[in-house]
Amino acid sequence: MKGSFITFEGCEGVGKTTQVERLKRYLEESGQRAMFLREPGGTVISEKIREMLLSKENDKMNGKCEALLYSAARAQLLGEVVAPALEEGTIVICDRFTDSTFAYQGAARGLGMDFIDQLNKLTCGEIVPDVTIFLDMPPRKAFERKGGADKNDRLECQGVEFHEKVYEGYKEVARRYPERFVCVDASKDVGGVWQDVIEVLRKRTSVK
Ligand code: TMP
């Protein structure tokens with residue numbers, strides 16, 4: 001038996017965490033077994049790599065180093081946690097995955113989508129999300145709604161132009177992978193977005 005692999009993507013401040021938490025509650029309340037992960041992270045080693053990636057002290061880190069570290073954290077998470085869980089038939093939900101590397105390192109850092117495509121294939125092999133929910137909202141609008149950008153980590157501290165490139169990167173991913181990448185309008189209220197999210201998941205995954 002093979003479980004469903006669902007990933008959530010989006011720019012900063014679009015309400016991704018809120019929707020992931022809502023899904024967690026929904027699955028718990030309806031008695032469906034699921035595992036929730038976030039990237040980078042989810043294992044002791046991957047969390048250590050996360051600290052390195054997000055620390056504001058590492059402002060000299062270049063794009064290639066960044067991409068390889070995200071991939072290193074991912075390789076550990078896949079081997080240690082995701083692959084065995086999917087094999088057991090668990091629904092695995094991951095907050096960010098390979099499309100973040102396309103958008104942030106491929107597009108915004110300028111490494112290019114083909115470079116990231118190769119890297120993702122080397123890192124993930126056969127493991128590809130069944131569905132990716134992209135919470136679609138341009139960064140300017142997200143920052144306006146929040147009353148400004150968070151500045152808690154190294155990536156959040158990049159200017160709005162960087163985040164606009166991230167958004168364009170996601171749009172490119174949408175063109176490349178239309179079969180799994182679903183854009184959900186994140187400008188609706190929380191309940192409206194949730195209705196769209198759960199409808200997609202019920203249709204396209206083993207979520208009931
Ligand atoms: P978050 O857990 O708060 O979303 O923080 C993760 C940060 O790392 C976020 O700014 C997006 C960024 N990121 C990348 O740049 N590339 C990646 O491959 C992943 C997974 C995240």
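Author: Let's begin with a pair of helices: α2 and α3 cross in a left-handed way, meaning that the near helix is turned anticlockwise from the far one by less than a right angle, while clockwise would be right-handed. Before going on, this is a predicted model, where local features need pLDDT of at least 70, side-chain atom pairs count only at pLDDT 80 or more, and totals for chains, interfaces and linings use all residues. Residues are numbered from 1 along each chain as its sequence is written, and side-chain values use heavy atoms, with hydrogens and water left out. Helices (H or I, at least four residues) and strands (E, at least two) are DSSP runs, numbered from the N terminus.

Helix α2 covers residues 44-54 and α3 residues 63-87; their axes lie 8 Å apart, at an angle of about 165 degrees. Axes here are lines fitted to C-alpha atoms, for helices over the stretch in contact, and angles run from 0 to 180 degrees between N-to-C directions. The two helices are therefore roughly antiparallel, the word used for angles over 145 degrees. Where do they touch (heavy atoms within 4.5 Å)? On α2 the contact uses I45, S46, I49, M52, L53 and L54, and on α3 it uses E66, L69, Y70, A72, A73, Q76 and L77. By class, that makes ten nonpolar, two polar and one charged residues, where Ala, Val, Leu, Ile, Met, Phe, Trp, Tyr, Cys and Pro count as nonpolar, Asp, Glu, Lys and Arg as charged, and the others, Gly among them, as polar.

Now for the sheet. Five strands make an open, parallel one, ordered β2-β3-β1-β4-β5; two strands pair if DSSP finds at least two bridges between them. At the edges, β2 (34-38) and β5 (181-185) each pair on one side only. From one strand to the next, the twist averages 20 degrees.

Take β3 (residues 91-95): five of its five residues are buried, which is to say under 20% relative accessible area with a 1.4 Å probe, protein chains only. I91, I93 and D95 point one way, V92 and C94 the other. Five bridges tie β2 to β3, with M35 opposite V92. Four bridges join β1 to β3, and there F8 stands opposite D95.

Further along, β1 (residues 5-10) has five bridges to β4 (residues 131-136), with T7 facing T132. Helix α4 (residues 98-108) packs on the sheet, touching β1, β4 and β5, its direction making about 25 degrees with that of β1. Helix α8 (residues 190-204) lies across β1, β4 and β5 too, running at about 165 degrees to β4.

Methods
Angles under 35 degrees count as roughly parallel, over 145 as roughly antiparallel, 65 to 115 as roughly perpendicular and the rest as oblique. Contact means heavy atoms within 4.5 Å. Buried means under 20% relative accessible area, exposed over 50%, partly exposed in between (1.4 Å probe, protein chains only).
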